[in-house]
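Me: I would like to go through this structure in short turns. Please show it first.

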Amino acid sequence: MIRHALVLLTFCATLMGCAAAPAQERRPIAWDGLGQNPNRAHVTKRRTANPTPVKDNPNQERERVLATLRPYSEAWWAVHDEIEAENDRKLGTKLVICPRCVGSPPPGDEVTGSIR
């Protein structure tokens, strides 16, 4: 039993030596999004004399109107739907889907989906 453990320990130590990267080689580290990005050098913010104007948010005025309306009334829903439509439009401009990923499913009897 001890002999098997010694062989296993030797094998693991050998693998650890192969997995270690040389010290001079610089590769990006996998980053999970929490905390600071280890792949990016610390960047200090510069203060500018004239800050750039913030983009005008088309939903800003709608949100003000929405706050004045009675919740869940017909007018409230109309403004709410306009806000959601604008948010969907913005998302649609940013969202990119690979054409190969969205391909049509192969025809067959075993395909599930809507029955339109």
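Me: Which helix holds both Arg 64 and Glu 61?
Reply: This is a predicted model: local features need pLDDT of at least 70, side-chain atom pairs count only at pLDDT 80 or more, and totals for chains, interfaces and linings use all residues. Residues are numbered from 1 along each chain as its sequence is written, and side-chain values use heavy atoms, with hydrogens and water left out. Arg 64 and Glu 61 sit three residues apart, about one turn of the helix.

Me: How far apart are the closest N and O atoms of Arg 64 and Glu 61?
Reply: A salt bridge needs a side-chain nitrogen of Lys or Arg within 4 Å of a carboxyl oxygen of Asp or Glu. Arg 64 and Glu 61 form one, with their closest N and O atoms separated by 3.0 Å.

Me: Is Glu 61 buried or exposed, or partly exposed?
Reply: Buried means under 20% relative accessible area, exposed over 50%, and partly exposed in between (1.4 Å probe, protein chains only). Arg 64 has 47%. Glu 61 has 46%, so Glu 61 is partly exposed.

Me: How many salt bridges does a search of the whole structure find?
Reply: Arg 64 with Glu 61 is one of them. Glu 82 with Arg 62 is another, at 3.5 Å from N to O. Arg 89 with Glu 86 also qualifies, at 2.6 Å. The search of the whole structure finds three.

Me: Which helices does the pair of Glu 82 and Arg 62 link?
Reply: The side chains of Glu 82 and Arg 62 meet in a salt bridge. The pair links distant parts of the chain, 20 residues apart. Glu 82 lies in helix 3 (residues 74-94) and Arg 62 in helix 2, so the link runs between helix 3 and helix 2.

Me: What separates the C-alpha atoms of Arg 62 and Glu 82?
Reply: Arg 62 is partly exposed at 25%, and Glu 82 is partly exposed at 42%. Contact means heavy atoms within 4.5 Å. Not counting residues up to four places away in sequence, Arg 62 touches Val 79, Glu 82, Ile 83 and Glu 86. The C-alpha separation of Arg 62 and Glu 82 is 8.0 Å.

Me: Why is helix 2 roughly antiparallel to helix 3?
Reply: Axes are lines fitted to C-alpha atoms, for helices over the stretch in contact, and angles run from 0 to 180 degrees between N-to-C directions. Angles under 35 degrees count as roughly parallel, over 145 as roughly antiparallel, 65 to 115 as roughly perpendicular and the rest as oblique. The axes of helix 2 and helix 3 are 10 Å apart, and their angle is about 155°. That angle makes the two helices roughly antiparallel.

Me: Which residues of helix 2 meet helix 3?
Reply: On the helix 3 side the contacts include Trp 76, Val 79, His 80 and Ile 83. Glu 82, Glu 86 and Asn 87 are also among them. From helix 2 come Asn 59, Arg 62, Glu 63, Val 65 and Leu 66.

Me: Which residues do ring pairs link into a cluster?
Reply: Rings of Phe, Tyr and Trp (its six-membered ring) pair if their centres lie within 6.5 Å; planes under 30 degrees apart count as stacked, over 60 as edge-to-face and the rest as tilted. By this rule there are three aromatic pairs. One of them, Tyr 72 with Trp 76, is tilted, at 4.8 Å and 55°. Trp 76 and Trp 77 lie 4.9 Å apart with planes at 90°, so that pair is edge-to-face, and the cluster is Tyr 72, Trp 76 and Trp 77.

Notes:
Helix = DSSP H or I, 4+ residues; strand = E, 2+ residues; numbered from the N terminus.
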